[in-house]
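Trainee: Can we go through this model together? I'd like to cover helix packing and then the ligand.

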Amino acid sequence: MDEFEFLCEAAKNGDVDKVKSLINSGIDVTYFDSNGLTPLMHAAKHGHAAIVKDLLEAGAPWNALSPSNISAGDFAMEAGHQDAFETLLNAGIQSELILGTIARKEKSNSGYGENYLEDRVSFSEDKIMDSDSKAIMMAWEKPLMEAHAKAVCSGGGHILNIGFGMGLVDAAIQQYNPAMHTIVEAHSEVYERMIRNGWGEKDNVKIVFGRWQDVLSQLGTYDGIFFDTYGEYYEDLREFHQHLPALLKPGGIYSFFNGLCGGNAFFHVVYCNLVSLELEHVGYSTQLIPLPVKDCLGEEVWQGVRHKYWQLDTYYLPVCQSIEDS
Ligand SMILES: C[S@@+](CC[C@H](N)C(=O)[O-])C[C@H]1O[C@@H](n2cnc3c(N)ncnc32)[C@H](O)[C@@H]1O
């Protein structure tokens with residue numbers, strides 16, 4: 001057995017002293033063993049929280065993935081090892097908070113995320129695709145969009161939706177007959193299709209064409225806001241949240257499509273916590289309402305789609321309101 005295998009064995013067996021002495025000798029804690037697992041994954045799988053903590057402090061990446069795309073946090077979560085799970089969750093949140101700050105700085109120099117808006121898109125009955133065969137929006141999300149519409153329309157009044165896509169959430173919002181319904185859409189082909197389908201002729205609908213970032217000055221204040229864009233990053237969502245206090249009326253409800261890390265259960269938990277924490281910093285409390293999605297999401301749905309952006313059984317619908325109102 002080489003030194004690294006000793007470390008994996010010690011992590012598995014909960015041998016804190018051995019792990020510590022190997023770390024002190026300068027061993028590389030980032031290696032994967034012959035099964036594609038890291039020492040951190042072994043410790044998490046067997047619920048050795050103290051070792052998880054030591055390995056993280058020694059530089060083990062919290063978000064490394066096994067060959068079947070399982071992270072240390074998934075192992076702890078699946079086995080019900082609460083202490084190890086929470087240690088990894090906190091490491092994930094802290095790391096993303098710091099990386100977020102770095103990404104914010106990098107973004108201001110890069111002008112990224114604008115390509116999608118220049119690309120052609122294709123429409124079919126059950127989805128909209130980009131030029132890379134990635135789905136922009138899919139019909140299986142209809143029940144989710146209806147639930148979002150219900151949440152943001154609960155107080156009536158003026159509703160804002162950012163991102164039209166297939167218009168599923170907007171059709172559901174119209175069912176609540178809002179006093180005014182503003183829709184922001186940035187893609188020219190999606191916008192043209194909205195106009196062709198009569199959205200511009202509805203008395204209570206105002207369409208604003210452009211990126212939400214560029215049309216903020218044309219917006220007012222709203223009783224309900226929904227946000228669901230495409231081709232953007234977590235950073236953009238975070239940036240939108242900075243504008244919430246200026247856009248959402250007192251007593252208003254905000255919600256957003258919560259597809260954050262929808263391919264990995266543990267990363268999703270990290271991001272649900274992260275976004276709630278960041279919303280709290282701008283003055284909003286977040287309730288995450290679990291909705292089972294198994295029934296509306298069969299394997300066949302993904303045929304011809306390049307990226308399976310959602311792979312979890314439960315969708316957590318965020319309902320946010322000002323901390324002063326809650
Ligand atoms: C996922 S779809 C929205 C789906 C919609 N919720 C529905 O129910 O069908 C995302 C939409 O956001 C639009 N979009 C992308 N970036 C945007 C931006 N910066 N500002 C406004 N709209 C944007 C896309 O063109 C696309 O139509």
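Mentor: Start with helix α12 (residues 234-247) and helix α13 (residues 265-281), which pack at an angle of about 25° with their axes 10 Å apart. Helices here are DSSP runs (H or I, at least four residues), numbered from the N terminus. Axes are lines fitted to C-alpha atoms over the stretch in contact, with angles from 0 to 180 degrees between N-to-C directions.

Trainee: What does that make α12 relative to α13?

Mentor: Roughly parallel, a term for angles under 35 degrees.

Trainee: Is this predicted or experimental, and what are the ground rules?

Mentor: This is a predicted model: local features need pLDDT of at least 70, side-chain atom pairs pLDDT 80 or more, while totals for chains, interfaces and linings use all residues. Residues are numbered from 1 along each chain as its sequence is written, and side-chain values use heavy atoms, without hydrogens or water.

Trainee: Ligand now. Which polar side-chain atom lies 2.6 Å from a ligand oxygen?

Mentor: One of Tyr 116. A backbone N or O atom of Val 169 is 2.8 Å from a ligand oxygen. Such polar contacts are pairs of N or O atoms within 3.5 Å.

Trainee: And backbone atoms of Gly 165?

Mentor: A polar one is 3.0 Å from an oxygen atom of the ligand.

Conventions. A polar contact is a pair of N or O atoms within 3.5 Å; within protein, one must be able to donate a hydrogen and the other to accept it, and residues adjacent in sequence count only if both atoms are side-chain atoms. Helices (H or I, at least four residues) and strands (E, at least two) are DSSP runs, numbered from the N terminus. Angles under 35 degrees count as roughly parallel, over 145 as roughly antiparallel, 65 to 115 as roughly perpendicular and the rest as oblique.
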